[in-house]
Amino acid sequence: MRIVVAMSGGVDSSVAAALLAEQGHDVIGLSMQLYDQSEGQTSFGSCCSIDDLHDARRVAAAINIPHYIMNFERQFEEQVVSNFVEEYAAGRTPLPCAHCNTDLKFATLAERAAALGADAVATGHYARVERDEANGRFHLRRGVDATKDQSYFLFSLTQSQLARAVFPVGDRPKDEVREFARQRKLPVADKADSQEICFIPDNDYRGFIERRLPEGDRGGLLVDQDGRVLGAHEGVHRFTVGQRKGLGLASVSGSPMYVLALRPSDQHVIVGPKSSLERTALDASGVNWVIEEPTGPIRARVQIRHRHPAAPATVQAIDSGRATVSFDAPQIAITPGQAVVFYEGDRVLGGGWID
Amino acid sequence: MRVYFDYNATTPLAPDVIAAISSVTRDVFGNASSVHHFGQQAKAAMDGARSAVATLIHADPSEIVFTSSGTEADNFAIRGAAEALEATGRRHLIASAIEHEAVLNTLKALGRRGWRTTLLPVDDTGVVSPERLRDTITDDTALVSVMHANNEIGTIQPIAALADVAHARGALIHTDAVQSTGKIPVDARTLGVDLLSLSAHKFNGPKGAGALWIKRGTRMQPILTGGKHERNRRAGTENVPAIAGLGVAAQLAAAKLAPEATRVGALRDRLEDAILRAVPGTAINGARGSRVPNTTNISFDRVEAESLLIALDLEGIAVSTGSACSSGTLEPSHVLRAMGLPTHRTQNSLRFSLGAYSTDEEVDRVIEVLPRLVEKLRGLTQKAAGARG
């Protein structure tokens, strides 16, 4: 089987490629150049920088597969970066990695892979995809390494995307993946995991957004739930729901204050005590069902951010890709812009974007 | 069967070149600056090479300075002339917009150090006009740099006419002849230039050897300072085996320049005609007439050149998208952009460049494989566009 592996230059996708090559597949490594590397911008984060592209090439050479770098600067800008900026400007907290997966890796890259005659696209994600022999449907499951599971970022893969997706490291713990890389002497065996958002230099997302947004007064007021003005701020994009640090309000009320909501219409940041962060319900849009779309309410364990325990809830699908979620117990800091993913055990039932 | 149609990137070494490099590497280890026997052997090997290169471009051996590459030769030409002419008060440099990065980025670097720089536009066939130079050049212009043949589209520039314009205003003129030397006759005198760059690996010589021809009497400052190598013009112990290889490559090229140009030109024309006939929505980029005989640059409507390049490579066919960037991905070509081509054509064009070992069988193979791949890629593009609505 001809399989294109999306190689980021990290250990996971490198091992993914090596595993498939050892299984005898016809493996082609593709790396995506996502932003302009020509003017010596060396301060980008830890994924897909020029060094990472070189690492991917070295790994491909070590395991003896062809490797190509494709220029996806335009698509990355359109699908991921501009959405990231717009979301923050709209008072939401975006999840660019999920968009990159659905709209780039398993869309544009997958199309290119198909054009090269590939039957599947593999990545280094910690997740599993399985075909249900009974009904032909594809299941998406958490990776076996619970601490590394990335199924949360993959919830919006459609059945046709899942049908061609391969996650070779999803059924291994990370330690084993690293050990495999060391044994095969892959040049990235001991490379650190990427943490930050890859296109944000020095992890300074506020500065990045401010450089992208048109000039103008972004400042506004910090108000409490009753509309009392407590202070001023330099833009709603600098805040996220649940945030406590950096409000400059420590001494105002005696008890710690948290961001409760962002209101770009009048540029208000609404703050209050931790208890006011609790919500028992949320609305989701852009919902994708991995299982067949349920006709009535279903019980699920629902995860509202990455590395966060899933909580029991009832999920009700409504038309045009929307759903409501009612949690059994109140949740802290449900954050618009993040993904909400519905699980049953380690199976992803579906998910959407928190409104 | 693997097909190599990327001779403008680099070429395979001629067997005689390999033999010369091996024997010099093995038998002639001396430092060419040394007085003794070993030094003399090395010096002799370099002198032979110097004469061969001079013969190839109809120059005098004393005018040839060996460099590590075409890029170094370009840097030397521009920086060396700029520094030498600084005293005259001239502070303006001109190059064409379709130069190799070795020239463009050197101009940029000097621009950051206070030099005024101007890029000459080209017409839609990729040719620089002497009239345009006449309108641009001033009494402040120190140096004009225009390539002899373009690496991406192969267009040959009217160097002699440009040289007349430059000299009429007292400016020097340099030509980057890296893509013409060994492919077509290159005569430094009739071109009328003062400085000319060439590179061994573009005509079956080794990488790591190039040369700058400096017309006798041209004032130049060295850019590599150190010992008294190359008549005080380029310091650094010479790479004698590679230079010997350059010499043999120059000899071989000079010996069969005309018949090879005819043979390779016929292969290129056959390839080009067959592609234009077999694949709808194709067009040649650049002047079809005045080109080096080995190069064709073709745009394929509704195809990402990047994907086609990879698909061809997976079929064993090596071509190029023109100039690669640092990571090796396709950048919209600055050459095709300068010619005024619409953005989509700057991103759907492939360069096929043939050479000494290209065969009819290779041409046949490309003609057999290419139309099928283009059709497949176009089908998928359409499907994807349709699916997205």
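The radius of gyration here is taken over C-alpha atoms, and the globule rule is 2.2 Å times the number of residues to the power 0.38.

First, the ground rules. This is a predicted model: local features need pLDDT of at least 70, side-chain atom pairs count only at pLDDT 80 or more, and totals for chains, interfaces and linings use all residues. Residues are numbered from 1 along each chain as its sequence is written, while chains are lettered from A and ligands numbered from 1 in the order in which they are written.

Confidence next. The model has ipTM 0.83 and pTM 0.87.

Now chain A. For its 355 residues, a compact globule would have a radius of gyration near 20 Å; chain A has 21 Å, which agrees. Along the principal axes, its C-alpha atoms fill a box of roughly 65 × 55 × 35 Å. Chain A holds 7 helices and 17 strands. These are DSSP runs numbered from the N terminus: helices are H or I, at least four residues, and strands are E, at least two.

How much of chain A is buried? The share is 47% of the 355 residues. Buried means 20 or more other C-beta atoms within 10 Å of the residue's own; exposed means 12 or fewer; partly exposed is in between; C-beta atoms are placed from the backbone.

One helix to look at: α3(A), residues 73-89. It bends by about 30° at A:Val81. That bend is the angle between axes fitted to the seven residues ending there and the seven starting there. A:Val81 is also buried, and so are A:Phe76, A:Phe84 and A:Tyr88, among others in α3(A). The cover over the buried residues of α3(A) includes α4 (96-115) and α7 (205-212) of chain A. Contact means C-beta atoms, placed from the backbone, within 7 Å. Just after α3(A), A:Gly91 has a positive phi of about 80°.

Over to chain B. There is an open sheet of 3 strands, order β9-β10-β12, with antiparallel pairing. Pairing needs at least two DSSP bridges between two strands. β9 (282-284) and β12 (349-353) of chain B are at the edges with a single partner strand each, so one side of each has no neighbour in the sheet. Strand β10 (residues 295-300) of chain B pairs with β12(B) over 5 antiparallel bridges. Within that pairing, B:Thr295 has B:Ser353 of β12(B) as its bridge partner.

How values were computed: Two residues are in contact if their C-beta atoms, placed from the backbone, lie within 7 Å.
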